[in-house]
Amino acid sequence: MGNHPIEALMKSAMESIQAMVDVNTIVGDPVESPDGSVIIPVSRVCCGFAAGGSEFAPPEGERDEGDKKEKATVFPFGGGSGAGVSVQPVGFLVVGHGQIRLLPIDHNVVIDRVFDEIPNLMDKISNMMKKDKSKDQATKEDIIIVGEP
């Protein structure tokens, strides 16, 4: 099935998609802010592709029975292809001041902030537990000292 017309349709559509979508479409060019932070846009890219075709038999009057034995009849071909690309911004990566943060665009910001604050919350809880342990140890030492003659 070498050099079938559907192959040419598929090849041209795929080359067009490849030309439209590259790495810079998904992860954009970095932009440096005045405070030294670097902001990188991030997007979601979705692609769709379809191709199809059919060969049609020539009308009854155009068939030549004598040539059929010598060479195969080439039927007319009809086909088409299509592609679609969707680019949706997801957020921005902010790199600077010793940290990397993702600032989402369409997500619930409250939930994202809660996830950002979980490490701080864990630190506070561990500090509170350390303070409670030190108070318990001090109370036990006081009881021992007081109880000695």
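Of the 149 residues of the chain, 9% count as buried, where buried means under 20% relative accessible area, exposed over 50%, and partly exposed in between (1.4 Å probe, protein chains only). The chain exposes about 12,100 Å², and carbon and sulfur atoms supply 60% of this area; accessible areas come from the Shrake-Rupley method with a 1.4 Å probe, and for residues only the protein chains shown count as cover. The model is a predicted one, in which local features need pLDDT of at least 70 and side-chain atom pairs count only at pLDDT 80 or more, while totals for chains, interfaces and linings use all residues. Residues are numbered from 1 along each chain as its sequence is written, and side-chain values use heavy atoms, with hydrogens and water left out.

The secondary structure comes to 4 helices and 4 strands, running α-α-β-β-α-β-β-α from the N terminus on. These elements are DSSP runs numbered from the N terminus (helices: H or I, at least four residues; strands: E, at least two). Among contacts between residues at least 6 apart in sequence, 60% join residues at least 24 apart, a contact being heavy atoms within 4.5 Å.

Turning to the sheet, the 4 strands form an open arrangement in the order β1-β2-β3-β4, with antiparallel pairing. Its edge strands are β1 (31-32) and β4, each pairing on one side only; two strands pair if DSSP finds at least two bridges between them. Strand β2 (residues 38-55) pairs with β3 over 18 bridges in the antiparallel sense, and R44 has Q88 in β3 as its bridge partner. Helix α1 (residues 5-20) lies across β2 and β3, running at about 170 degrees to β2; axes are lines fitted to C-alpha atoms, for helices over the stretch in contact, and angles run from 0 to 180 degrees between N-to-C directions.

Strand β3 (residues 77-96) also pairs with β4 (residues 99-104), antiparallel over 6 bridges, and G91 is partnered by P104 of β4. The β3–β4 hairpin has 2 residues between the strands. In the loop between them sits H97, whose phi near 55 degrees is a positive value in a residue other than glycine. H97 counts as exposed because its relative accessibility is 65%.

A nonpolar surface patch of about 770 Å² is made by I111, V114, F115, I118, L121, M122, I125 and M129. Patches are made of residues with over 30% relative accessible area and no salt bridge, like charges being joined within 9 Å and nonpolar side chains (Val, Leu, Ile, Met, Phe, Trp, Tyr) within 5 Å; a salt bridge is a side-chain nitrogen of Lys or Arg within 4 Å of a carboxyl oxygen of Asp or Glu.
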